[in-house]
Amino acid sequence: MSRFTLPRDIYYGEGSLAELKNLKGKKAIVVTGGHSMKASGFLDKTVNYLKEAGMKVEVFDGVEPDPSVETVMKGAEAMRKFEPDWIVAIGGGSPIDAAKAMWAFYEHPETTFEALITPFNFPKLRNKAHFVAIPSTSGTATEVTAFSVITDYHKGIKYPLADFEITPDVAIVDPAIVRSLPAKQVAYTGMDALTHAIEAYVGTIATDFTDPLAIKAIKMVVNYLEESYVDPNGKAREEMHYAQCLAGMAFSNALLGIVHSMAHKTGAAFSTGHVPHGCANAMYLPHVIEYNANNERALARYAQIAMELGLEGHDSRELTQSLVNLIRRMNVFLGIPHGLKEFGVKEDEFLEKLPAIAHNAVLDACTGTNPNPIDDKTMEELFKCCYYDTPWKF
Ligand code: FE
């Protein structure tokens, strides 16, 4: 038996935020991050639309990037006091992820993170509230996925939560909210979306239900990301907001692969500074394709992507090479380095930390659905390709 789960309703298009006026309920709590939604006026709009729907509204703001266990507990406490029947999360991935976890602790105060991290083992939600997600970036697609990541800073652990119970009921994908995204963020989050779609398409549990979403998302990112990067006001910025959402629908149901395993373990690993998630994905993706292409089935899938994109090549190898070349050209256009060395990670630090990073990447939850199995030693070699920007033979 397979399962394919998406939000009940996805509203999209310029101005679709106004759909909030039509929600039926008594009380809504709005969960958001720091300042950007307030500064852009979208937080006020959200609150006002909910009031127009006849609801009492409370705001829980200040959710930090990489949200903490404490923030989740504070938010859940606020929800238990206010008793909302709608949770409305607006912002980047962090406030939406945090609100998903708050929802679980609001409805089930007795649960623990230790219980929730067992994949697809959540208690039933929706006894007290339903959930609306409104993304303000074009990449994570948390508005349509079954995932959330919460950090325990005391224990130094990230809790990846995965269950269709936390797939939102309503997603509002309004391109007006992403017009003001900085170009760098457009580049990183756009390449994150491309990675989601490609990993979902070649992964071991891709299905007939997820493939069309993944392929369409790949085509849209390839067609629109560069234009969206240079022009915030055109159609491309809007199309990218939809493309990342389609990619999210695919990977929420087909999961990911080792590009994400590697990015997860290198984000905060080096003293030279944070490696942004989308930037890491963009740098690793060409090399992971080369590595995975040693698997016959994966090679055929990459070749299929290349054919769908109309790329050159007489056989699967040439087609896959064209796909790798295309991604490398996009990275150049978007100002993304080719590897960790060019990014600025010091060589001695990289080599010293490599065995532990590689080991942890192999253990990452995303490794299980990667099309080509990998062990610690091979992962070290692959990381070296991603550091020095040397090709993996296929
Ligand atoms: Fe991602």
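Along the chain, the donors of the iron ion follow the spacing D-x3-H-x63-H-x16-H, where donors are N, O and S atoms within 2.8 Å of the metal (3.2 Å for Na, K and Ca), and sites may look incomplete since water is not among the atoms. This is a predicted model, in which local features need pLDDT of at least 70 and side-chain atom pairs count only at pLDDT 80 or more, while totals for chains, interfaces and linings use all residues. Residues are numbered from 1 along each chain as its sequence is written, and side-chain values use heavy atoms, with hydrogens and water left out.

**Iron site**
- Asp192 (OD), His196 (NE2), His260 (NE2) and His277 (NE2) are the protein donors of the iron ion, and they lie 2.1 to 2.2 Å from it.
- His196 belongs to helix α6 (residues 183-202) and His260 to helix α9 (residues 258-266), so this pair ties together parts that are 64 residues apart in sequence; helices are DSSP runs (H or I, at least four residues), numbered from the N terminus.
- Both His196 and His260 are buried, a term for under 20% relative accessible area, with exposed over 50% and partly exposed in between (1.4 Å probe, protein chains only).

**Helix α7**
- A kink of about 45 degrees in α7 is centred on Tyr224, the bend at a residue being the angle between axes fitted to the seven residues ending there and the seven starting there.
- The buried residues of α7, among them Leu213 and Val221, pack against α6, α8 (235-254), α11 (296-308) and α12 (316-333), where contact means heavy atoms within 4.5 Å.

**Helix α14**
- Pro355 lies in helix α14 (residues 347-363) and is partly exposed, with a relative accessible area of 40%.

Conventions: Helices (H or I, at least four residues) and strands (E, at least two) are DSSP runs, numbered from the N terminus.
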